[in-house]
Amino acid sequence: MVRAEFSAIMMHKVLIIEDNPDIARLVAMHLKDIECAAVIASDGAEGLRVFQRGKFDLVVLDLMLPGMDGVSVCQKLRALPGYVPILMLTAKSTELDRVLGLEVGADDYLTKPFSIPELQARIKALFRRVAALSNKQDMQPAEILSFGGLSIDTGKRQVRVEGHDVNLTAKEFDLLLFFARHPGRVYNRTELLDKVWGYGHDGYEHTVNSHINRLRAKIEKDPAKPGYVLTVWGVGYKFAEHAA
């Protein structure tokens, strides 16, 4: 069953794919407070159908869904043309489950039970990042950044290593591009959360660690001895000034 919560003054349209009706209604209700209209789908297959029929600015996606689970839904959403941010909700709290959701293309995640102010902050941060990315693309000409065997096409949001395409999630690309634009500058995890994710909540520094580990696995010849994204022990991370 699909339910919609609309208001003429709302700016963003959000698809909530969540099988728990109480949680879905709660999220929809509080989305109104940040000027969002919500459409609710109660399972993964229905959510995909609704997404393809409409135009959405964000998807709030539960990991544990009947039939098609959230990971499968996320993969199918990312296979469609265009980019829409995905915030994944999960009752699972293990690092593996969180990393899996991010790996298949989710932009962020929240573990149930979550606080409403944090949910709202995460959603607003995703909207700000999408708007900032759009503004940058409008203002800046596309360019190709090259560092040894690594190239970054900012217009196509494409990364190649030694001539081979590398499939990065949206957040992995944003993180790599941020580093590449500031070679040699050291950032701690809180700064990266603020600059790349758009928020700096204490306790979520592991999100940065997970993304950097996966990014290294995709772009480095030897992730254990990285040549691009370097660890500055006791401080944070930096992009090599003379990346090879």
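**Sheet and nonpolar cores in a predicted model**

User: Which residues does Phe239 touch, leaving aside those up to four places away in sequence?

Analyst: In this predicted model, Phe239 touches Phe147, Leu150, Leu176, Phe179, Ala180, Pro183, Gly184, Arg185, Tyr228 and Val229, and contact here means heavy atoms within 4.5 Å.

User: What makes the largest nonpolar core a core, and which residues have the most contacts inside it?

Analyst: A core requires buried residues of the nonpolar kinds, joined through side-chain atoms within 4.5 Å; the largest such set has 28 residues, and Ile152, Leu176, Leu192 and Phe239 have the most contacts inside it. Two or more residues come from each of β7, β8, β9, α6, α7 (189-197), α8 (205-219) and β12 (236-239), and α6 gives the most, with 7 residues.

User: How do you know that β8 and β9 pair?

Analyst: Pairing asks for at least two bridges between the strands, and β8 (residues 150-153) and β9 (residues 158-161) are joined in the antiparallel sense over 4 bridges, so by that criterion they count as paired. Within this region, Asp153 stands opposite Gln158 in β9.

User: Why are β7 and β10 described as standing at the edges?

Analyst: The 4 strands form an open antiparallel sheet in the order β7-β8-β9-β10, and because β7 (144-147) and β10 (164-166) each have a single partner strand, one side of each is left without a neighbour in the sheet. From one strand to the next, the twist averages 25°. Helix α6 (residues 170-181) packs on this sheet, touching β7, β8 and β9, with its direction at about 110° to that of β8.

Conventions. Residues are numbered from 1 along each chain as its sequence is written. This is a predicted model: local features need pLDDT of at least 70, side-chain atom pairs count only at pLDDT 80 or more; totals for chains, interfaces and linings use all residues. Side-chain values use heavy atoms; hydrogens and water are left out. Axes are lines fitted to C-alpha atoms, for helices over the stretch in contact, and angles run from 0 to 180 degrees between N-to-C directions. Buried means under 20% relative accessible area, exposed over 50%, partly exposed in between (1.4 Å probe, protein chains only).
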